[in-house]
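Reader: Hi! Could you walk me through part of this structure while I have it open?
Author: Happy to, let's look at it together.

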Amino acid sequence: MSIFRSLTVWVVLAVTFTMAAPQSAKVRSVLGDVSFKKKGNGDWASLRVGAKVQDKDLIQTDVESGVLISMPEGSTISIEENALVEFTQVLFIKDSQISEVNIKKGLLRFNAQKQTGKKSQFKFKTGTMTASIRGTDGTIGVTNGGQSFGSLNSGEMVMEQDGQEVAVHAQQFVAFRKGKPPVVVEAKNAGDPDFAKKISEAVDDTTKSVEDIQKQAKEIDETIEKRNEDLRSKYECRFEPVPTLVNADSIEIFATCTEGMQVAIGPERYTSDGKRMRFVPTWSRAALGPKKFEAVCTAEHNSFVCGNISFVYRFDRSVKVIKSDMTKCEVLYTTSGFRDNEGKLSIFAHDSLLKEVTLDRDYAATFKLLPGTFKYRFVPENVEGVDASIEREFACFPKTGVKVKVRGGAKEVFKKKVSQGAALYPELLFDVEHIVDNDPSQIKSVEVSVGGKTYETKYVPSETGIGYSATVQIPRGKMTTVKIKVSMLSGETVLATKVYEFR
């Protein structure tokens, strides 16, 4: 029997697809005077905590003001004072995360989770520069003189302006200067907004050379580092270990910090009373992959990084067999881990691929078996090193209305001159018909008997089904009935007879 010949008839897998609704970025905290224009139109209105941030929205911060915005996949954007930012594109649907933020004035601080999915992208733009990021944190913006810059605490970023492309690495500050080559500065605190604000003044000074800017950057970096060391000696935060692998779309982070200091993780910000604090960052269920949350502590009107929490968010896809029916030739199975985690499910029989389907939700389905007995393997797609495949043996014995056709008719008469009391030994031939693919494994037993005596059967060629023969003994002088009984694994039983007369 050919697996592939049966495939088109016997393999059916019904899949229903659902479309996940797009998710929005949200305002998590507002400090001072922050206003916005919905879709960039109308009058400026005050921005409130909990507001959604969508395509074309404009956000403006005043002096000593700021706003923290969280993205569905866990990234955060902190817009600093005296800034004007347009959220050109904000799309989060299934495993695609597309963000484009246009900084028209000022600067912002970002902590971007690693983007997953082939279509995902996270970009910052100014009037002249584009920066593509993928799992980094730092600062980006425009100087008072209108020159674009970007800097990183960790990760990597690619900045491009006027055909010039610069790769920015951790602890680097890069600025594009009008009519001059880009400035690249090494600094331990390159991603600190204070560093960016102070070095921006030097970038705007056309009388300063690259060496002058680098020298000043070193001085600013040393000042900030000394300040942070002093703060860390007086203010401490101890973070409890987190699992390396998380399979929920949130995580509990516990910290015990010096009383009076302010601690921020993701969109949450609390003032410590010296006791254990609990943070619960959340993200879109579809935003799988590595996660990194930076803890920023504030004390004495200065902020510094006081901790980093990293882990991997993953939930594995799996499949489970619920039940099988060998006469209906069906297997009922369920899947899990596919909701907002699109992936493939492959089904094999004896290592031959029968079906491959891409799923974006969990469901229960019925799979049609091939006739006969086979080992089936269900393989849900997972990351390398995770094997959630299962292997089961299933039998398919459908009821097909089996018939027995006796060759030579239902009766035969023999006339021969032989000695008294002699017997004949004719060859009984018959065909078992209406078996799927004429597969003999569907037959449980075949019996040929005369008067309670059973005779051996053998396979013979057949044009219509499965052929059998049996040599039976027929005594002279009476009618002899030969009984045929075919029992199927499907539960069907078929009876037939042939009458012999030996005169």
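This is a predicted model: local features need pLDDT of at least 70, side-chain atom pairs count only at pLDDT 80 or more; totals for chains, interfaces and linings use all residues.

Author: Let's begin with a pair of strands: β37, residues 427-433, and β41, residues 466-471, run antiparallel and are joined by six bridges.

Reader: Nice. Which residue in β41 does Leu429 stand opposite?
Author: Leu429 faces Ser469 there. Another pair to look for is Leu428, whose bridge partner in β41 is Ala470.

Reader: OK, and what about β34 and β37, how many bridges do they have?
Author: Four bridges, and the pairing of β34 with β37 is antiparallel as well. To find the spot on screen, go to Val404, which stands opposite Val432 in β37.

Reader: So what is the strand order in the whole sheet?
Author: The order is β34-β37-β41-β40, four strands in an open sheet with antiparallel pairing. At the edges you find β34 (403-406) and β40 (458-460). Each of these has a single partner strand, so one side of each lacks a neighbour in the sheet.

Reader: What does the twist average from one strand to the next?
Author: It averages 35°.

Reader: Changing topic: I was checking backbone angles. What is phi of Lys39 near?
Author: Phi of Lys39 is near 60°, which is a positive value in a residue other than glycine. You'll find Lys39 in the loop between β2 (34-37) and β3 (45-46).

Reader: How does Lys39 count, in terms of accessible area?
Author: Lys39 is partly exposed, at a relative accessible area of 42%.

Reader: And Gln171, where is that one?
Author: Gln171 sits in the loop between β16 (164-169) and β17 (172-175). Its phi is near 60°, again positive in a residue other than glycine.

Reader: What is the relative accessibility of Gln171?
Author: That value is 36%, so Gln171 counts as partly exposed.

Reader: Great, thanks for the tour!

Methods:
Residues are numbered from 1 along each chain as its sequence is written. Side-chain values use heavy atoms; hydrogens and water are left out. Two strands pair if DSSP finds at least two bridges between them. Helices (H or I, at least four residues) and strands (E, at least two) are DSSP runs, numbered from the N terminus. Axes are lines fitted to C-alpha atoms, for helices over the stretch in contact, and angles run from 0 to 180 degrees between N-to-C directions. Buried means under 20% relative accessible area, exposed over 50%, partly exposed in between (1.4 Å probe, protein chains only).
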